Amino acid sequence: MNGTHRGLNRTLLGALGAVLMVVGLAAAWAGASGSFARDWAMAGTRAWAQTQQQLAEARIPGTGTSWWTVAAFAAIIVAGVLLVCWMASQDTGRSNQLASREGAGGNTTVDTAVAAEAIKEALAGNPQVLSAKAQSWKTPGTGGATGLKISVQVRKGASPAEVGAAVDHLVEGLDILLGTRLPVLVRITSGTRSKFARTERVA
Amino acid sequence: MRNQDSSNPKLVNRLNRRETRSSRAALSITVAAVLLLAAVWLAVELTLSATGNAALLLPPAELAQRSIALPATTIPGALIAAGAAVALLGLALLAAAVLPGTKARHIVANPRSAVVVDAQVLASAAARAARTEARLAPEQVTCSVGRRRLDVVVRPVTGRAVDTAAVRAAVEHEVAGYGLRRALAVGVSLNKPGDKHGAVGA
């Protein structure tokens, strides 16, 4: 439900994977074939000579460094910043507000905590439910609308149908209360707590 | 509050799809961190060499020359092994990019909300249905849920008959009640203690 750019993740991982494969295969081939190893050394030496020449031509007056070195440094810094942005873009889009409306008298906002507390309260008495929580996220594909994610951790052996029906009922109530139908994601999960909790013997 | 109906089937489908597949977030963060480390090291080395200081590991010019001389200075076998390892790493990243990365979760058909259930929840619920039908203790029934199959293994104590058909019917009835988007084929098997060599009393 979060705003992670999944396509971007996969594209970048795929591109890097392709680069690593090419480099790896080239190295393996250089180890296996003597002529390819000689080609590698020849091409590398020629490229290095050219680079040296370029570096010498673009020397910054009065110093031993070249403009190319400065450019390379800048490129590395930019790449680093982009990498940090990529890392920071994961799991984004969490929001504290469930809904808001602008009116003549002012703005009305509904905090996520309202829905979260209501849902927790409503499911607290359910013997099949260990814990419940609600978060709101800016849902991709809705033009920035907020969606509600309800996670319910259930006891071992709990019926997903019954828990699902109970949550459905809550969502219906929330729809009426808010006067709008938010995108809702319901997760029925089992975690470490479910593993160690007592089985509910209702049946 | 927007006056749009945000519970349209397309959006529900999208939420379901995103929730049942890996976002590759953890792998992306790991890869980005490694690349960032390399970028920082390169930047530091460039600065050190430009200002005429001693390098941390090796200056950029030497790095370039060493990689040119790599085939000539390395044992061919080691070069092949290292190249293969790097290529395999690349293949793994490519696979992560291309494969769907489906998680052990199932989608419940629901017109209003996207509902996603852990496979483990389904397994323990089906196991409960099976042991209620066969009147067994929780430890005597195990259940595993795959993408298309749900397998129940019943291990009754010696001398106790279990009606496999009734257990299957009970589990099928239970699973049908979940309204899963992708139906699960139910398999029930009996694992009698005396069936396998030396398992008496196990």
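**Exercise 1.** Determine how many nonpolar, polar and charged residues line the largest cavity.

*Solution.* Step 1: the model is predicted, local features need pLDDT of at least 70, side-chain atom pairs count only at pLDDT 80 or more, and totals for chains, interfaces and linings use all residues. Residues are numbered from 1 along each chain as its sequence is written, chains are lettered from A and ligands numbered from 1 in the order in which they are written, and side-chain values use heavy atoms, without hydrogens and water.

Step 2: a cavity is a set of points on a 1 Å grid over the protein atoms alone where a 1.4 Å probe fits but cannot get out, and lining residues have an atom within 4 Å of a point. The whole structure holds 1 cavity of 30 Å³ or more, and the largest cavity has about 30 Å³ of space, the volume being that filled by probe spheres set on the points.

Step 3: its lining consists of Leu98(A), Val110(A), Val114(A), Ala115(A), Ala118(A), Leu174(A), Leu177(A) and Leu178(A). By class, 8 are nonpolar, with no polar and no charged residues; Ala, Val and Leu are among those counted as nonpolar.

**Exercise 2.** Explain why the buried residues of H3(B) line one face of the helix.

*Solution.* Step 1: in helix H3 (60–68) of chain B, a DSSP run of H or I with at least four residues, Pro60(B), Ala64(B) and Ile68(B) are buried, that is, under 20% relative accessible area with a 1.4 Å probe, protein chains only.

Step 2: down the axis of H3(B), these residues fall within an arc of 80°, so they line one face; the arc is taken from directions from the helix axis to the C-beta atoms.

Notes
Buried means under 20% relative accessible area, exposed over 50%, partly exposed in between (1.4 Å probe, protein chains only). Helices (H or I, at least four residues) and strands (E, at least two) are DSSP runs, numbered from the N terminus. On a 1 Å grid over the protein atoms alone, a cavity is a set of points where a 1.4 Å probe fits but cannot get out, and a pocket is an open set with protein on both sides within 12 Å along at least five of seven lines; lining residues have an atom within 4 Å of a point.
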